[in-house]
Structure formats: C-alpha cells, structure tokens
Amino acid sequence: MAKVFDTKEVAKHNSPESCWVVLYGKVYDVTDFLSSHPGGAKIILKLAGQDATEEYDPIHPPGTLEEGLKPEAYLGTIDASTLPKEEASSEPREEIEGPPPMENLLNLDEIEEVATKQVSKKAWAYYYSASDDKISKTFNNEVYRSILLRPRVFVDCTKCELDTTVLNHKLETPIYVSPAAMARLGHPSGEAGIAEACRSFGAMQIISNNASMTPEQIVKDAAPDQIFGWQLYVQIDRKKSETMLARINKLKAIKFIVLTLDAPVPGKREEDERTGMTGRTAAVPSGVKAAGRSSDDTPNPTQGSGGVGQQLFAGTDPSLTWTKTLAWLATQTDLPIVLKGLQTHEDAYLASLHAPQVKGIILSNHGGRAADTAPPAVHTLLEIRKYCPEVFDKIEVYVDGGIRRGTDVVKALCLGAKAVGLGRPALWGLAAGGVDGVRRTLQILNDEIKTCMRLLGVERIDQLGLQHINTRVTEQQIYDGPTGLEALRRFRAKL
C-alpha cells in the first residue's frame, strides 16, 4: 500500500542530497535524476519539496514522467488535506473578465489583446518574446506594408476559391499553422484544439517538435483527408530523434517532415528569460539536453536565466550539414522532407539541388526568435526571384512570419509562395477562445484573402502573380552583393 505523506515532510527534501517533488498528487524522489535531467538540476531544485504539477503539466506530454523516472522513484501519495489552501479575504473578490464572443473580434490584433488578458505571465512571455531588440519580429510585419496592391476593375469577381495543393495534397486554404510549441500554456485543448480548428477549414498543421501533447493525441480526431507535417529538431542524442521518427512514420495523417535549421542555438528572448528570473520556471520535455551548463551544472552566465525557450532548445544538435544530415534522415524515413528556416537565396538554391528528397522549403527567421535583424521571408522570396528563380520550379516554397492580414497572405502568394504559415496568431487564437479562437483567426484571414483577391480581379490562388503587386520600395532593401551560384551551377552541370 502506498505511503501517504504530508506537505511538511515533503518540504524537508529540498536539497541536491534529497530532492522530492509532488506531481499529480504523487510523491517522487528525484534525487538520482538530478544529474541526468535534460534541463539540468537547477530547474528541479527550484521546485524541490513542493507541488510541481502546475509547472510540469502544460509543458510535458503524457508519458514523459514514466519515461524519465525509474519505478522506485515513486514514494507514495500526498495527503490532500495538508496542501495549502487559498486564504480567505475580507475584501470582495474581483471577478476575472472572460473573453468576449469570438465573433465580436474583427482582426488578429484584437485577438492577441484578448489572449494577453487570459494567459499567465509565463505563457505571454514565451509566446510574445523574440530575440534581442525584436527588430526582425517587428519588421516581419512591417515589410508587408511596403508592398502595394494593384487592384483591377471591370472583372467579374463573383467566384473566389482558396483551394490549393501542398506536396500534392489538397487544401481548402493557403494558410497553414506553423510549428508552434507549448500550446497548452495558453489553453488546455492545446495542439489538438488547433488541429480541430484546422479540420474545420481544411487547413494544414505542422506539429511542433516541442508540442505539449503527443503527436498521437494531436492527430487522433483528424479528418481522413486532414494534412499534418511534423517538425524535427535533431537532437545531440541521435537515438531520441530516431525513436520519435519511428513513431511519426506510423501515423498516416503526418505526410512530411519539417527539418528546422534556423535555430541550432536559442536566441536571447528577454521577456521569456525575465519571467524565468522572477517566477518558477518551466521544466523541459524528455529527450532534451540542457545547453549552456557544465557537467557539474554550473550555470553559464552567457546563457541568461533559462526561460522556456532556452530550455526547449537545449539539446538541439548544432553540427548539422547538408550532406551528412540529409543522408542520415534518408535512413530514418521515406516521408518527404521540407527544410525550414532558410533566409538566403544561396541556401534556397542548395536545397533545390537536394530534390527529390527535399520537396519544399519554408522561408522563415523563426518569428524573429533566433537571429535578430535577420531578413523577413519576403526579402528571401525576392532574392530567390532575382538570383535563382529556377528554385520555384524544382521545389515548393512556403513562408511564415509577420502575417496579420489576409492581404499579407495574398502578397506572399503573389511573390511565389505556395502556402503561408501562422505561428503566434494560432497560439493567440487558442489562448483567446480555445478552438473557437483559432477558428475565428482562420475565418478572419480567409475572409480577408477572398476580399483582397476579388478586388484584384482574381478568382483562384494560382492566378496570383507579380502583376498584382508593386514591390519597388521593398526591392531597395534586397541583398545586392556577390553570390556563389555560378560556381555551384557549373559544379552541378559536371555531375
């Protein structure tokens, strides 16, 4: 029979020599796990002797606890009567204002504003934060404002269809949800809630490597024709990545792998790190090894406080290369490969040389969360058009970052993007109103896309092109330096 502990007894075990935590009403001795915890001992020690469930639950998919701890680590249960109770107050309790009806929200800015009032400070900091001075994050949005539309008149705009295809899979909208981590920080329905909303619109979803639910849970209620991709961060412990890929290969709903390349190390996200300094920080998913600490767990002062973002990226392998990594990936899966995070025309061209294994690329600066002042996807689109337009004929090109309006989506499609991804907007929608909030986000954008296309005199997505936009202002900022493509082309011709 399991022993029952009171909180005072558990609280005594709050040191590296004896570290207990309470999770879901159960008491665990995690002393032996401290040295091998993927996120480092410091994170656990912050919660030593306490109930860590509130911090642990929205971060970890089910099964993580069983995978990480030995059976003997379970000591017993906590006496619920000894848990701290909320103190009574003589002051009248202030009612927390709930979200308004989702249909009353007219744009993505309003949805974000509502979401900000609903989520915890930690969730807000993780979702909102970007690297350094947030220049790339801001410019991702502003760059679309510098592109002007060229509406046409006297064109029958009765019909307007948003159907398109990605990797030969039919979608009902050119919008997809980018791999956005930790959705359950914003709402209990998590990534499965985003999947439910995508099902309503025939939209594609790329599941984050750091999702707060298992991939099996996320695709469980998918429609038969619903399309998913799965994001891969290759781990230093390669066996962990191989084990996950084996699981992904068994899920019929997942049609391709998205290998993310733009964040081999985490960016400096100050809002996220500041929250880690002042509050209890989040733990990290299993299979992740901490960066920025020595073997004795001495913090590296250059790594900041270790916010959620720092911890999630811990263990990502920084040694990936074109030849070795793609060759390894070919031994692990037959699914098509999409490379995410390309930010120059040179890398886009190199990716096209690896077709047919590589079927597509996502132009992205990680939502401004990796290298600050990195270019927006629009700049990279224009670079490709200028230096190596043949890329568009060899592989599919997608973009993400900075999308706030349907007109932004249309402009990206005019420049050659096959589909356009949403990261933060999906999370803000979920945080604002759960599944209905994500549905409202997609509905707003789809409606705006249709309005824009009709005003351009366009009936179908595949009719959009450069003739519908004016990019002269934006083109002044495009890279105009040397390129090594001619040498690459000559080398390729000899093969």
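Arg-247 and Glu-216 form a salt bridge, with their closest N and O atoms 2.6 Å apart; the term covers a side-chain nitrogen of Lys or Arg within 4 Å of a carboxyl oxygen of Asp or Glu. This pair ties together distant parts of the chain, since Arg-247 sits in helix H10 (residues 238-249) and Glu-216 in helix H9 (residues 215-219), 31 residues apart. Keep in mind that this is a predicted model, where local features need pLDDT of at least 70, side-chain atom pairs count only at pLDDT 80 or more, and totals for chains, interfaces and linings use all residues. Residues are numbered from 1 along each chain as its sequence is written, and side-chain values use heavy atoms, with hydrogens and water left out.

**The whole chain**

- The protein chain has 20 helices and 17 strands; helices (H or I, at least four residues) and strands (E, at least two) are DSSP runs, numbered from the N terminus.
- Of the 495 residues in the protein chain, 53% are buried. Buried means under 20% relative accessible area, exposed means over 50%, and partly exposed is in between (1.4 Å probe, protein chains only).
- Take the contacts (heavy atoms within 4.5 Å) between residues at least 6 apart in sequence: 77% of them join residues at least 24 apart.

**Salt bridges**

- Side chains of opposite charge can pair when their charged atoms come close.
- How many salt bridges does the count come to? The total is 16.
- Back to the opening pair: Arg-247 is partly exposed at 28% relative accessible area, and Glu-216 is partly exposed at 30%.
- Asp-237 and Lys-240 make another salt bridge, with the closest N and O atoms 2.8 Å apart. Asp-237 is partly exposed at 38% relative accessibility, and Lys-240 is partly exposed at 39%.
- Arg-460 pairs with Asp-462 in a salt bridge too, and here the closest N and O atoms are 3.1 Å apart. Arg-460 is partly exposed at 38%, while Asp-462 counts as exposed at 60%.

**The barrel and its helices**

- Eight strands close into a barrel in the order S9-S10-S11-S12-S13-S14-S15-S16, with parallel pairing. Two strands pair if DSSP finds at least two bridges between them.
- On average, neighbouring strands of this sheet are turned by 30° against each other, direction ignored.
- Zoom in on strand S9 (residues 175-177) and strand S10 (residues 204-207): they pair in the parallel sense over two bridges. Tyr-176 has Met-204 in S10 as its bridge partner.
- Helix H13 (residues 322-332) lies across strands S11 (228-232), S12 (254-260), S13 (337-342) and S14 (358-363), running at about 145° to S13. Axes are lines fitted to C-alpha atoms, for helices over the stretch in contact, and angles run from 0 to 180 degrees between N-to-C directions.
- Helix H18 (residues 424-456) lies across S9 and strand S16 (419-422), at about 155° to S16.

**Strands around S5**

- Strands of a sheet pair through backbone hydrogen bonds, either parallel or antiparallel.
- Strand S1 (residues 3-5) pairs with strand S5 (residues 74-78) in the parallel sense over three bridges, and Phe-5 stands opposite Ile-78 in S5.
- Strand S4 (residues 26-29) pairs with S5 in the antiparallel sense over three bridges, and Val-27 stands opposite Gly-76 in S5.

**Leu-105**

- Where is Leu-105? Look in the loop between S5 and helix H5 (108-118).
- Leu-105 is buried, at 5% relative accessibility.
- Leaving out residues up to four places away in sequence, Leu-105 touches Pro-100, Glu-110, Ile-111, Val-114, Arg-440 and Ile-444.
- The C-alpha atoms of Leu-105 and Gly-437 are separated by 9.4 Å, though the two residues are 332 apart along the chain.

**Cysteines**

- The count of disulfides (pairs of cysteine sulfur atoms within 2.5 Å) comes to zero.
- Cys-160 is in no disulfide, and the nearest cysteine sulfur, in Cys-157, is 8.6 Å away. Cys-160 is buried, at 6% relative accessible area.
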